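Colleague: I am new to reading structures and would like to learn how to do it one feature at a time. Could we work through an example together?

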Amino acid sequence: MITNIHLVTVFCLDQDQARDFYVTHLGFEVRTDITVGEGFRWVTIGHPSQPELEVALMLPGPPQTLEAADFIRRQLEKGEMHGVGLQVDDCRKTYAELSAKGVTFLQEPADRPYGVEAVMRDISGNWMVLLEEKEYSPEDFATEG
């Protein structure tokens with residue numbers, strides 16, 4: 001029986017820079033940083049309040065084909081990959097704190113039917129959503145017309 005999600009992958013171009021960004025700017029902690037076999041490095045981070053979930057910071061490469069890995073690298077370089085969504089207790093306050101640390105935002109906090117949302121970019125070019133969630137229903141998305 002599946003009990004939870006334990007691991008998600010976020011691709012990066014440099015594991016040291018990605019690890020340091022998540023730890024220094026976002027408050028994550030390093031869970032694993034080891035080299036396995038011939039140069040394969042396994043780096044995972046996690047949020048202190050969520051010990052059951054790890055994020056693997058992976059370089060594009062095997063087992064992907066050369067073409068697939070190259071595509072992911074190009075998407076990261078263009079800043080067009082989607083990373084993860086991060087729940088926050090106060091989106092506007094978190095936006096101000098992260099902006100002061102030099103984090104790049106693509107969208108300032110905005111009210112949405114489901115809460116307050118801002119979109120940032122990590123050091124590797126992944127889009128990340130900050131969300132201060134609120135209760136909503138399908139009717140909250142109804143448009144006039």
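Predicted model: local features only at pLDDT ≥ 70, side-chain atom pairs only at ≥ 80, totals over all residues.

Colleague: What percentage of the residues in the protein is buried?

Modeller: A residue is buried under 20% relative accessible area, exposed over 50%, and partly exposed in between, using a 1.4 Å probe and protein chains only. Of the 145 residues in the protein, 37% are buried.

Colleague: And what should I look for in contacts?

Modeller: Contact means heavy atoms within 4.5 Å. Among contacts with a separation of 6 or more, 49% are between residues 24 or more positions apart.

Colleague: Which residues of helix 1 are buried?

Modeller: They are Q15, A18, R19, F21 and Y22. Looking down the axis of helix 1, these buried residues fall within an arc of 160 degrees, so they line one face of the helix. The arc is taken from the directions that run from the helix axis to the C-beta atoms. The cover over the buried residues of helix 1 includes strand 1 (7-11), strand 2 (29-36), strand 3 (40-46), strand 4, strand 7 and strand 8.

Colleague: What caps the N-terminal end of helix 1?

Modeller: A polar contact is a pair of N or O atoms within 3.5 Å; within protein, one must be able to donate a hydrogen and the other to accept it, and residues adjacent in sequence count only if both atoms are side-chain atoms. The cap on helix 1 is D14, with a side-chain oxygen 3.0 Å from the backbone nitrogen of D16.

Colleague: Is Q15 buried or exposed?

Modeller: Q15, in helix 1 (residues 15-24), is buried, with a relative accessible area of 7%. A polar atom of the Q15 side chain lies 2.9 Å from the backbone oxygen of L57. Apart from neighbours within four places in sequence, Q15 is in contact with R41, V43, L57, M58 and L59.

Colleague: Which residues of helix 3 are buried?

Modeller: In helix 3, C91, T94, Y95 and L98 are buried. Seen down the axis of helix 3, they fall within an arc of 105 degrees, so they line one face of the helix. K93 and A100 are exposed on the other side. The buried residues of helix 3 pack against strand 6 (104-112), strand 7 (115-121) and strand 8 (126-133).

Colleague: What is found at the start of helix 3, and what follows helix 3?

Modeller: At the start, a side-chain oxygen of D90 comes to within 3.3 Å of the backbone nitrogen of R92. G102 follows helix 3 and has a positive phi, near 95 degrees.

Colleague: Where does S124 lie?

Modeller: S124 is in the loop between strand 7 and strand 8. S124 is buried, with a relative accessible area of 5%. Leaving aside neighbours within four places in sequence, its contacts are F11, C12, L13, A18 and L76.

Colleague: Which residues does a cis peptide bond join?

Modeller: The cis bond joins P62 and P63, with omega about 15 degrees. P63 is in the loop between strand 4 (54-58) and helix 2.

Colleague: How much space lies in the largest pocket?

Modeller: Rolling a probe the size of a water molecule over the atoms shows where empty space is left. On a 1 Å grid over the protein atoms alone, a pocket is an open set of points where a 1.4 Å probe fits, with protein on both sides within 12 Å along at least five of seven lines; lining residues have an atom within 4 Å of a point. A volume is the space filled by probe spheres set on the points, which are joined across faces, edges and corners. Here the largest pocket holds about 460 Å³. It is lined by 21 residues, and F28, H47, G85, L86 and Q87 are the closest to its centre. Strand 5 gives the largest share of the lining, 4 residues.

Definitions and conventions:
Residues numbered from 1 in each chain as written. Heavy atoms only, no water. Helix = DSSP H or I, 4+ residues; strand = E, 2+ residues; numbered from the N terminus.
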